[in-house]
Amino acid sequence: MWLQIITITTIIVIVFIKWRLTYWKRKGVPYLEDTEFFFGNFRKIMQAKTSFSEGYLDFYNQFKRKGVKHGGIYSMLEPMYIPIDLNLIKHIMLKDFQYFFGHGFYYDKSELLSMHLFNLEGDAWKELRSKLTPAFSSGKIKTMQDIFFTKCTILEKVIGKYSDNNKPAPFKDILSRFTIDIIGNVAFGIECNSLEDSDCQFRFYGMKALQVNFFNFFITGIVPWSILRKIEFQQGASDVRDFFCKMVKETVKCREDNNIVRKDFLQIMLDLKKESSNKSLTIEEITAQCFIFFIGGFETSSTAMTCALFELAQNLEIQEKLRQEIDSVLEKYNGEMSFDAIVEMSYLDKIVLETLRKYPPLGSIPRRCTKDYKIPDSNVIIDKGTMVWIPVWGIHKDPDYYPNPEIFDPENFSEERKSKRPEFTYLPFGEGPKMCIGLRLGMLQTKIGLITVIRKYKLTLNEKTELPMKIAKSVLLTLEGDVYLNAVRV
Ligand code: HEM
């Protein structure tokens, strides 16, 4: 009897899985032939044999080779949709945005840190985005100049120690600490001192928050959110939550008790908290936003800086040309770095843009379909709830848009080449209403770091750096292992 029940149940489960994995075929959307039982197309990613970004690059290339305008894949049993055609991408990210309102990551009131701008959807997201947008204006960011420049002085000193001792400097580690110190300061108003303190807790919990828990990812992908919300499912680690909540609570209390006013994001949000209008924010909302600014802001920019320096250490002519630009612009400003001076550095701008092309920190960008959507010029309906992944890295490495995509060439961003490229071929910050709110700050932070280093040090690759560099098995597109460079004072 038991044997029969087990056999019948097993058969039902197998038939269900097989049926589930024909979802795209039934919809008439191109799919990949190597879809595997249970894993779908995600086995290599789940077994950490390939990174998330490389996985999506491969999906893009396979569909592109087929010459199709879109395709469907499976993350285990969950169908995911990948648009390839640029016009279709424009529809999803911009024109028909109302059908793709969210990033598709689970959030719930019972888990305070999940209620941030990146996760929220619909009207709650819209309202919050409009409250926070003014905080990222260039005027507001300019008021934070001093925080940035103080950290640059420390960065220069840290590299100087390696240089003076003729030791290769581990740039990935140093720059990650540098951005933690800046973002920790401008988001939370806290001196993290991670450049000087190797055991910095901010760094520990920041890195932990960026780790993917595949089990939770899977659960939130297949179990209806209404059920997860009923049982108050918690996806993040409790120590991460406790750490960040305590930080914000203590800082806010200290400021309110002592009437301290600082020029940072926390202050801008605290000022909103005092407003009685509908622009007001609660302390819970503030905590979640501080958290996403920190998580969204440190590793993205430090990865961009590390990758830029990795390329500059191998392209010495580009490095020298950049140094000359920095010197000549700063000469006009009496050798003082300022935001106005940075705006004048057009070659630096091209270098950062090219870095983010070759190494976009988010190799693919998610969207969740929030209403059934008919793909333009076809009969295909994307069902409500389906995850859509915009294959950013695939597009950035597509020779149809960037000839010789593996070559680091800042001239890809000359006015002439930019004007010849179709729209939606450059997406490191996303596009449309959900585009990165911290774009300006991210660009600025990356540029400031590069100026600080290149102005004072000549960089070459040290043999401790393993070549060819591999991509790390993490959510963000980042290099595996550290990037060791010889830094010689100019
Ligand atoms: C080089 C640096 C950065 C890169 C490459 C980057 C990239 C991105 C990307 C690709 C998205 C998703 C956009 C979309 O869905 O269309 C995003 C969203 C976001 N980023 Fe950034 N980012 C950077 C820096 C920052 C900084 C410095 C902050 C904050 C201090 C920040 C905060 C956010 C937030 C809050 C969102 C969610 C926006 C929303 O959903 O409305 N980012 N970022």
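In what order do the strands of the open sheet of three strands stand, and in which sense do they pair? The order is β3-β9-β8, and the pairing is antiparallel.

## Basis of the report

The model is predicted: local features need pLDDT of at least 70, side-chain atom pairs count only at pLDDT 80 or more, and totals for chains, interfaces and linings use all residues. Residues are numbered from 1 along each chain as its sequence is written, and side-chain values use heavy atoms, with hydrogens and water left out.

Helices (H or I, at least four residues) and strands (E, at least two) are DSSP runs, numbered from the N terminus. Two strands are said to pair if DSSP finds at least two bridges between them.

Strand β9 (residues 484-489) pairs with β8 over five bridges in the antiparallel sense. Lys458 stands opposite Val488 in β9, and Leu459 has Ala487 of β9 as its bridge partner. The antiparallel pairing of β3 with β9 extends over two bridges; here the bridge partner of Ala169 is Leu485.

## The sheet of four strands

A further open sheet has four strands in the order β1-β2-β7-β4, with mixed pairing. Its edges are β1 (70-75) and β4, each with a single partner strand, so one side of each is left without a neighbour in the sheet. From one strand to the next, the twist averages 30°. Axes are lines fitted to C-alpha atoms, for helices over the stretch in contact, and angles run from 0 to 180 degrees between N-to-C directions.

Six bridges join β1 and strand β2 (residues 78-83) in the antiparallel sense, and Gly71 stands opposite Ile82 in β2. Helix α5 (residues 86-95) packs on the sheet, where it touches β1, β2, β4 and β7 (contact means heavy atoms within 4.5 Å). The direction of α5 makes about 115° with that of β2. Helix α4 (residues 52-66) lies across β1, β2 and β7 (387-390) and runs at about 140° to β1.

## The shell around the ligand

Which protein residue supplies the donor to the iron atom of the ligand? The single donor from the protein is Cys436 (SG), 2.3 Å away. Donors are N, O and S atoms within 2.8 Å of the metal (3.2 Å for Na, K and Ca); water is not among the atoms, so sites may look incomplete. Cys436 lies in the loop between α20 (415-420) and α21.

An N or O atom in the side chain of Arg129 is 2.7 Å from an oxygen atom of the ligand. A backbone N or O atom of Glu431 lies 3.3 Å from a ligand oxygen atom, and one of Gly296 lies 3.5 Å from a ligand nitrogen atom.

Technical notes:
A polar contact is a pair of N or O atoms within 3.5 Å; within protein, one must be able to donate a hydrogen and the other to accept it, and residues adjacent in sequence count only if both atoms are side-chain atoms.
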